[in-house]
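Subject: Structure handover

Dear colleague,

My notes on what was found in it follow.

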Amino acid sequence: MAPADALALLRVAGRHALPLPLAETMLATWLLAAAGIAMPEGPLTVTAAPGLVLSRDGAKWHLAGTAMGVAWGGDAAGVVVLAEVDGAPHVALVSGGYTIAEHRNIAREPRNTLVFDTVPDAVAPSPLSALDLRAAGAATRALMIAGALERITAMTTQYALDRTQFGRPIGRFQAVQHSLATLAAQTAAALAAGDIAAEAVGEGVDLLAIAAAKSRAAEAAGIGAALAHQIHGAIGFTYEHSLHYFTKRLHAWREEYGGEPEWNERLGRHLAAAGADALWPTLTAI
Amino acid sequence: MSALTFPPPPVSLEAEALRSEVRAFLATELADFPAERRMESWSGFDAAFSRKLGQRGWIGLTFPTEYGGHGRTALERYVVIEELLAAGAPVVGHWIADRQSGPSILRFGSEAQKRFFIPRIVAGECFFCIGMSEPNSGSDLASVRTRATKVEGGWHINGTKLWTSQAHFSHYMILFCRSSGTPEDRQNGTSQFLVDLKTTKGLSIRPVHALTGEHHFNEIVFQDAFVPDDALLGEEGQGWHQVTSELAYERSGPERFLSSFILLVETLRVLGAHPSERAAIAIGRLGAHLVTLRRLSRSVAGMLQAGENPATQAALVKDLGALLEQEIPDIARSLVAVDPPTPEIARFARVLDYTTQHAPSFSLRGGTREILRGIIARGLGLR
């Protein structure tokens with residue numbers, strides 16, 4: 001399966017709030033494959049937390065330190081760690097010897113704290129850097145955001161057709177129609193961003209394309225979630241209604257692997273360095 | 001097809017080869033063309049430039065070769081027009097003819113009309129304007145009152161068209177009017193006519209100056225203006241069907257998100273290679289919006305190429321595009337202070353002022369924001 005096709009599955013995962021480490025397993029296997037380490041069975045997760053120290057004593061590797069915010073860290077059969085050794089990125093596969101502290105993001109997805117003091121199963125130099133991983137992670141979130149926005153657009157449209165006030169469905173009111181049109185437009189932008197993100201990950205990553213995609217999807221996530229809540233009214237603010245499964249994920253995913261300021265600044269610095277007269281050629285090359 | 005279906009834009013190596021050719025041509029042709037002209041975007045007029053584009057074969061790219069067109073793909077046309085817009089080239093002369101009048105004639109016109117008009121359009125020597133809006137028919141196009149009455153050998157036109165951009169230098173108008181019944185019949189009983197603006201007797205063209213003082217708009221009064229039978233485009237009574245089929249072409253192109261692009265270029269020029277963190281973030285965000293809009297717009301071009309009618313998708317592109325075009329002047333002024341002026345800042349300020357003044361029109365022309373959102377709502381199944 002081509003990377004873009006695999007990543008496109010994450011849009012479907014986002015559409016269904018899939019409670020599995022699909023993105024993390026993809027990222028982990030991407031790192032392992034690039035480093036030439038055989039893939040283990042089962043779901044994986046991935047981290048490049050700055051507090052981790054990978055060291056070698058003769059032929060024996062050791063991994064120590066604390067990694068926070070490890071997605072599905074308590075559910076994965078193994079953790080793929082990206083850490084620098086003497087300034088060069090290395091990949092380590094770890095399947096045990098770490099403690100797991102419970103922590104969750106606002107959508108109650110596991111984002112655990114792992115404390116390592118262990119011997120990795122395998123270690124190899126990595127052609128992919130921590131920045132590459134951050135970008136690939138951002139690409140996964142752009143796609144998941146696109147899927148979740150598709151879902152809330154469909155849910156909110158249906159709700160506006162079903163919910164009656166003043167003797168007619170609220171979707172008959174022009175003000176509500178225009179809010180829904182705006183939600184649909186943001187979703188369209190996020191879908192385009194997701195497609196750009198999916199095409200931007202291969203053997204390496206296209207940093208500028210991912211910067212544009214993650215930032216645009218993250219912006220759409222915030223605007224879209226707010227509109228979906230406004231149209232759903234009070235019922236959408238309850239725990240028993242399913243809207244929050246998606247809006248809370250949108251709020252979590254727009255931050256993970258970097259929000260708008262981080263990626264906008266990266267893209268903006270590149271555009272500025274290229275210069276005013278190169279703006280258009282630079283944009284069309286993305 | 002759902003309202004939110006945007007297939008991946010087709011990949012075209014021919015189009016990318018064409019892009020290099022167009023860039024090289026524009027680099028030479030517009031080498032001394034200042035920002036104060038480029039900022040006019042697709043409102044800039046230069047008949048000689050339009051003719052040169054015609055000579056290069058870059059007008060009517062998608063028109064069939066049997067009528068003098070170039071038989072190339074919608075994606076190739078897309079590349080040419082986005083390169084022209086990004087450079088701020090003065091394209092308005094041939095713009096409407098290339099974008100929608102030519103395609104309408106090819107779709108609905110008689111053999112004789114195709115043979116007459118298409119080669120002239122392709123040469124960049126026959127300019128068109130759009131005769132849709134009237135004093136009391138703006139967004140509500142189906143309420144038009146201008147009327148064609150059948151007479152011996154042709155039709156008498158009576159009524160007034162308003163906001164007709166570029167009528168004063170156009171050779172022809174595609175007039176949308178009533179040819180039977182009353183305004184209460186709405187969409188029924190409407191037709192389209194190819195009106196020769198240079199020779200038709202009984203019509204007068206009066207300028208309506210924009211708030212900048214510029215002359216783009218016109219009011220056109222028809223008083224028993226005679227047009228011959230062969231001026232009818234398509235079928236009598238089918239005007240509404242014909243006119244609405246133009247709209248996806250009119251609404252989804254890169255001119256719907258690049259109208260302020262020259263201001264963004266000039267903002268970047270003033271900011272320099274090492275902008276503040278705040279400026280870098282703002283510029284990056286606009287870049288991200290442009291990249292995603294371009295993807296959506298190219299996707300619609302692909303759907304048009306495939307013979308689909310992506311009316312909802314086109315409305316989505318135009319709604320998002322107008323928001324971006326209107327945001328750019330606001331963001332530019334937040335990043336660059338124009339007081340006190342220097343020669344460099346004064347140049348930037350002229351582009352900023354021009355774009356700020358034109359920004360209100362971006363969400364009015366070609367379908368207001370409110371009309372577009374209604375179309376999107378219909379596409380979502382709410383109407």
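Helices (H or I, at least four residues) and strands (E, at least two) are DSSP runs, numbered from the N terminus. This is a predicted model, in which local features need pLDDT of at least 70 and side-chain atom pairs count only at pLDDT 80 or more, while totals for chains, interfaces and linings use all residues. Residues are numbered from 1 along each chain as its sequence is written, and chains are lettered from A and ligands numbered from 1 in the order in which they are written.

Chain B

On that basis, chain B has 13 helices and eight strands. Its C-alpha atoms fill a box of roughly 70 × 45 × 45 Å along the principal axes, and its radius of gyration (taken over C-alpha atoms, with a globule rule of 2.2 Å times the number of residues to the power 0.38) is 21 Å, which agrees with the value near 21 Å for a compact globule of 383 residues. Chain B is divided into domain 1 (13-127), domain 2 (130-238) and domain 3 (244-379), with bounds that come from an automatic or database domain assignment. The centres of domain 2 and domain 3 of chain B, taken over C-alpha atoms, are separated by 30 Å.

Chain A

Chain A comes to eight helices and ten strands, and its C-alpha trace spans about 80 × 50 × 30 Å along the principal axes. Two of its sheets are described here, with strands taken as paired if DSSP finds at least two bridges between them.

The sheet with the order S1-S4-S5-S8 in chain A is open, has four strands and shows mixed pairing; its edge strands are S1 (44-47) and S8 (122-125) of chain A, each of which pairs on one side only. Neighbouring strands of this sheet are turned by 20 degrees against each other on average, direction ignored, where axes are lines fitted to C-alpha atoms (for helices over the stretch in contact) and angles run from 0 to 180 degrees between N-to-C directions. Within the sheet, S4 (residues 78-85) and S5 (residues 88-94) of chain A pair in the antiparallel sense over seven bridges, and A:Leu82 has A:Val91 in S5(A) as its bridge partner. Helix H2 (residues 22-35) of chain A lies across S1, S4, S5 and S8 of chain A, at about 75 degrees to S1(A).

The other sheet, also open and of four strands, has the order S2-S3-S7-S6 in chain A with antiparallel pairing. Strands S2 (53-57) and S6 (98-101) of chain A each have a single partner strand, so one side of each is left without a neighbour in the sheet. Strands S3 (residues 60-71) and S7 (residues 111-118) of chain A are antiparallel over seven bridges, with A:Ala64 opposite A:Asp117 in S7(A).

Contact between the chains

With residues in contact if their C-beta atoms, placed from the backbone, lie within 7 Å, the contact takes 39 residues from chain B and 41 residues from chain A. H10(B) gives the most to the side of chain B that touches chain A, with 15 residues.

The axes of H4 (residues 174-199) of chain A and H10 (residues 277-305) of chain B come within 9 Å and cross at roughly 95 degrees. That makes H4(A) roughly perpendicular to H10(B), a term that covers 65 to 115 degrees, whereas angles under 35 count as roughly parallel, over 145 as roughly antiparallel and the rest as oblique.

With best regards

How values were computed. Contact = placed C-beta atoms within 7 Å.
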